[in-house]
Number of protein chains: 2
Amino acid sequence: MAQTDTVTRILDTAEVLFAERGFAETSLRTITSKAKVNLAAVNYHFGSKKALIQAVFARYLDPFSERFHQALDELEVQYRGEAIPLEVLLETLARTVLEVPAERNSLKVFMRLLGLAYTQAQGHLRRYIQEHYGNVFSRFSDLVRRATPELPEAERFWRLHFMLGTVIFTLSGLDALRDIADKDYHEHVSVRDLIRRLRPVVVAGMQAPLPDDALKVAG
Amino acid sequence: MAQTDTVTRILDTAEVLFAERGFAETSLRTITSKAKVNLAAVNYHFGSKKALIQAVFARYLDPFSERFHQALDELEVQYRGEAIPLEVLLETLARTVLEVPAERNSLKVFMRLLGLAYTQAQGHLRRYIQEHYGNVFSRFSDLVRRATPELPEAERFWRLHFMLGTVIFTLSGLDALRDIADKDYHEHVSVRDLIRRLRPVVVAGMQAPLPDDALKVAG
DNA sequence: AAATGTTTTAAACATTCGTTTATTCCACGC
DNA sequence: GCGTGGAATAAACGAATGTTTAAAACATTT
C-alpha cells in the first residue's frame, strides 16, 4: 500500500500545514513527521520545497482551470455571442470554486492558499500561477468586460481586484473571523453562508457609480 | 549622534523589509546589516524579534488610534446624538489612514503591514493588535451600526470585514497589481487614486441589498 | 579625573532549516 | 532464485537562524 501513496500523504499534510502557518513557517520536518513519511521523501518525489508548494497549488488549480474553462464554454454556447450577464459570470465562478475542493471539504484550505499566494513573498509561486493559469483569468476578465461595457477599462480592472480581495481576504481569514462572529452573535456561518452573503456585495461593488472625477487620468 | 538613533534606524529598516518579504522571511541579520547597526542591537533594545515586530506596528497604530479617536470625538460632537452617516464615517477613516504615515510617505508600507498582520501566522501579533487597538475598532463598529440600522447585526459584521478585505488586500498587494495595470493600461495610479476609486465601491457594498434568504439562521 | 551606567561590538552558542548521501528495503521480470 | 531498479530510510552536511555572552567604547555624573 506504500508506493505512490506517499506522494498523496505529503500533499494532504502539506496543504493543511501551509494553510495554517504559511510556507516559510512550515518546515519539511513538520510535514514529513505529521505525514509519517521520511524526511527525504519530499526531495525525492518533488525535488525541492518550492516544487512541493507548486504541486500543492497545481492539485487544486488544474481541476479548477479545466472545469471553469468548460463552464465558460457552455455559457458562451448558451448566450451565442450575446454578452453574458455579470451575475451569471460571478455565479459560475462561485459554483466552480465550490465544486472543485468539495470532495475533501477543503474549501477553507483552498481559499487560504490563494490568499497566501498573494501575500507571501514566494516570487516563484506568483510566477508559476501567472504562467500556468493566467489565461483563465484573462478569459474571465474579457467576459466581464463585455458584461460591463459602461465601465472604463482601468476602472473594471481595479474593481475586479477589489472584489477578488474581498472574497479571498474574507474566506482565507475565515477562521479568525468566525471565532469573533460566533462569540459576538452566537451564529455559526458556513463557507456557503458566507458566499451567499458575498454575492450581493460583490455585484453592488462592481456596479457602483463611478468615482467623482473618474476621467481625470485617462490613458 | 548614535544613541537612540539606533532604535529608529532599526525600525525604519525593519518596516520596509517586513513589508517587502514578510516577517519570517526577514532575518535580523538582514535588518541590522542594512540598518548599519550591530546584530545584537535588536535583542538589546527590543528584547526579541517578536517584540520588534510589535514595535513596528505600534509606531503606526499608536498615532492612528489616537487621531482616529479624536476625529470620532469631533464627529460625535458635531452630530450631537444623531447617527453619523456612513459616508462620513468612511471618509473620516480614510482621511486618518492617509494622514498618519504621510510624513514618511510610507502609506504603502503601512497597508502592507496591516495585510501581513492578517495573513501571516504570527499569533502573537494578532493578540497584540486585538489587545491594544480592539477598542478603536469596536467604537467604529458601533458608529457604523447606528449609520446602517437597516442591516441585521451579523450582516453588518460580515460586510465590514468584506470591505476591510477589499481595502487591505488591494493596498497591500498594490505593487504587484500596479505593475500589471501600468503595462496593460499605461495608466499609473497613486494610492490616493486608488482610495478615490475604492470609496464608491465600498459604500455600494455596504448598502447592497440583503442576500436572498438572509433570515435563515437568526441568532 | 574617576566612577558609573548605558550602549555598541565581535564572537560564539544552540537550533533549525533544506538538501544530499549512502544504505537498506522491496517488488517484479527473467 | 536472482538480480535489477525504484522507493524508503537513517544519518549527516552546510548554511542560516534568533539569542546570549563578555569585552570594549562611550557618555554622564560626581
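How many salt bridges does the rule find across the interface of chain A and chain B? The rule finds four, a salt bridge being a side-chain nitrogen of Lys or Arg within 4 Å of a carboxyl oxygen of Asp or Glu. This is a predicted model, in which local features need pLDDT of at least 70 and side-chain atom pairs count only at pLDDT 80 or more, while totals for chains, interfaces and linings use all residues. Residues are numbered from 1 along each chain as its sequence is written, chains are lettered from A in the order in which they are written, and side-chain values use heavy atoms, without hydrogens and water.

**Stop 1: the interface**

Select Arg199(A) and Asp212(B): they form a salt bridge, with the closest N and O atoms 3.5 Å apart. Helix 6 (107–119), helix 8 (153–172), helix 9 (174–185) and helix 10 (191–206) of chain A each supply at least two residues of the side that touches chain B; helices are DSSP runs of H or I, at least four residues, numbered from the N terminus. Helix 8 of chain A gives the largest share of that side, 15 residues. By class, the side of chain A that touches chain B has 29 nonpolar, nine polar and 15 charged residues.

Now widen the selection to both chains. In contact (heavy atoms within 4.5 Å) are 53 residues of chain A and 53 residues of chain B. The two chains bury about 4900 Å² between them, 67% of it on carbon and sulfur atoms; this is the accessible area (1.4 Å probe) lost on putting the two together, summed over both.

**Stop 2: the second largest pocket**

Centre on Tyr118(B), Phe137(B), His161(B), Leu164(B) and Ile168(B), which lie nearest the centre of the second largest pocket among its 50 lining residues. On a 1 Å grid over the protein atoms alone, a pocket is an open set of points with protein on both sides within 12 Å along at least five of seven lines, a cavity is a set where a 1.4 Å probe fits but cannot get out, and lining residues have an atom within 4 Å of a point. The pocket holds about 1600 Å³ of space. Helix 7 of chain B gives the largest share of its lining, 11 residues.

**Stop 3: the cavity**

The count is one cavity of 30 Å³ or more. Select Tyr118(A), Thr119(A), Arg112(B), Phe169(B), Ser172(B) and Gly173(B), which line the largest cavity. About 40 Å³ of space lies there, a volume being the space filled by probe spheres set on the grid points, joined across faces, edges and corners.

Note on methods:
Nonpolar A, V, L, I, M, F, W, Y, C, P; charged D, E, K, R; others polar.
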